[in-house]
Amino acid sequence: MFRSASIIFIYFGLLVLGPIIFIGKIPLASYHLVFLFILSGALLIHLKTKKTNVYFPLYFKFYLVLLVLYLLTYVFNFFELGYIADFRDLIIIFTPIQYIILISLLYFSCQNENIIGKDKTVLFHGLIKLNLYLLPIVGVIAICQMLDVFGSQDILAKYYGKTNVAVWRQYFISNPRASATLNLEPNSLGLYAAFSLVMFHVFYKDVKLGKITGMIIYFFGLLALMLSGSFTGFIIYVLVSTIYLFKYKKIGVKVVILITTITFIASLVFADNIDSAIKRQKLDQGNIVPSSFKARINNAWGKAFTSFEEEFVNGIGPSAIELDYSADNDFLDKFLRFGLIGGLANLFFVMFLILYPLYKRKGNMSTFHRKLYFFAFLITLCFTLASITGSAFKAKRLAEIFWIFYSLPFIYSHLLYNPKVSANEE
């Protein structure tokens, strides 16, 4: 039998930790190979059983509508004199289709394993527990990177290929921040650590981690967040975890003491790194707003708004090959590239993603099921906040992780309340 559920675990592990291999000078992430293997197996099984059903939830239907709107704004650019088209335009517009295929394969894995007939939570618990077990590994790698243990800085530089490695090394020397296995991007590490720590709070008891294991996961996860030097990630973690803790009435003396103790120990061990991060953001001068945030407002956001004013109806185009800067704000970037039409449509779509899990969790369902929906809301909130200073929803590997965890409660509901879709029952 095609054990796609087991391969999904391998795929997810490689999303977080997987190396990049090279075919000549072409980099190819190993998780891409696993993805293609799962896709090929699923297609063969569909051909053999002559099944045509695919998982296509409401939020992906809205996503396709959004992509069509992007395409329409792109077409209008061809009526403008001097517009420079590029093949990357279509790639940028239709890249999200890979997420739709991924979640369809995830649903197929659950269906093929007939998990609802055996254990209603086996794959869902497994994915959550796997991510929590990977979190301290990422934390250890972050520590090794900061201290350059075992030549980890060189390993990570080669790990991500040959593009701009020298620039990254120079940046790391002047601004020591850990990126661990996440895209050589400290803010990506900060976001990953933030939503994984929130996941720890939400599902700690459900996946039965144990006290010692839980403390190890939380300690190294918090270290990963701190060593990333991402103030955005830290603010996201504090805000979103507080929402959960108040919602489920988890704020207590033990929680406060534990978090305070671990934070104090981590602060002592990595005091120099924390001090350099504070100085880099000029917070030691009495500023409340980090300097990186001010720089975005004064430079990237100002330039993006000026460019948007010139093409505010349909935008400057998806790839905008003539653009020599980054907007550093995914929402502003959508307005810049796709105009008012695409920018507003993207805002409505993200708001839908935030509110839809809260709407779906109403009703009679298990506590675990309700937590799945609530975490879908929380992780969307994490990515939405991170998109204010970046482009979290399209970040390599992080985007795939987002869609997996966002989709879990919807897949669970579909299999639980539509038992006839089970492979063995049809």
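Start by selecting R397, which sits in the loop between helix 17 (367-386) and helix 18 (398-417). You're looking at a predicted model, so keep that in mind as you click around. The phi angle of R397 is near 75°, a positive value in a residue other than glycine. Is R397 buried or exposed? R397 counts as buried, because its relative accessibility is 4% and the cut-off for buried is under 20%.

Now jump to another loop residue, D148. You'll find D148 between helix 7 (122-147) and helix 8 (152-159). Its phi is positive too, near 55°, and D148 is not glycine either.

**Zoom out**

Show the whole protein as a cartoon. Of the 426 residues, 51% are buried. The protein exposes about 20500 Å², and carbon and sulfur atoms supply 68% of that area. Now think about contacts between residues at least 6 apart in sequence: 74% of them join residues at least 24 apart.

**Helix 2**

Next, select residues 30-49, which is helix 2. Helix 2 has 20 residues and reaches 29 Å from its first C-alpha to its last, close to the 28 Å expected at 1.5 Å a residue. Colour its buried residues: S30, Y31, V34, F35, I38, G41, A42 and H46. Look down the axis of helix 2 and these buried residues fall within an arc of 155°, so they line one face of the helix. Here's a handy rule for seeing such patterns: an α-helix has 3.6 residues a turn, so residues three or four places apart point the same way. Now turn to the face of helix 2 that points away from the buried side, where the exposed residues L44, L47 and K48 are carried.

While you're here, click on H32, another residue of helix 2. H32 is partly exposed, with a relative accessible area of 33%. Which distance separates H32 and Y11, C-alpha to C-alpha? H32 and Y11 are 8.4 Å apart in space, though 21 residues apart in sequence.

**Helix 3**

Move on to residues 58-77, helix 3, which has 20 residues and reaches 30 Å from first C-alpha to last, close to the expected 28 Å. The buried residues of helix 3 are Y59, F60, Y63, L66, L67, Y70, T73, Y74 and N77. They cover an arc of only 125° around the axis, which puts them on the same side of helix 3.

In soluble globular proteins, nonpolar side chains tend to be buried together. Now centre on Y192 and show what surrounds it. Leaving out residues up to four places away in sequence, Y192 touches V16, N131, L134, L135, V138, L182, L398 and I401.

Finally, select C144 and C382. C144 is buried, with a relative accessible area of 17%, and C382 is buried too, at 1%. How many disulfides does the structure hold? The structure holds zero disulfides.

Methods
Residues numbered from 1 in each chain as written. Predicted model: local features only at pLDDT ≥ 70, side-chain atom pairs only at ≥ 80, totals over all residues. Heavy atoms only, no water. Helix = DSSP H or I, 4+ residues; strand = E, 2+ residues; numbered from the N terminus. Buried < 20%, exposed > 50% of the residue type's maximum accessible area, 1.4 Å probe, protein only. Contact = heavy atoms within 4.5 Å. Disulfide = S-S within 2.5 Å. Expected span 1.5 Å × (residues − 1). Arc of directions from axis to C-beta. Areas by Shrake-Rupley, 256 points an atom, 1.4 Å probe, with all protein chains shown as cover.
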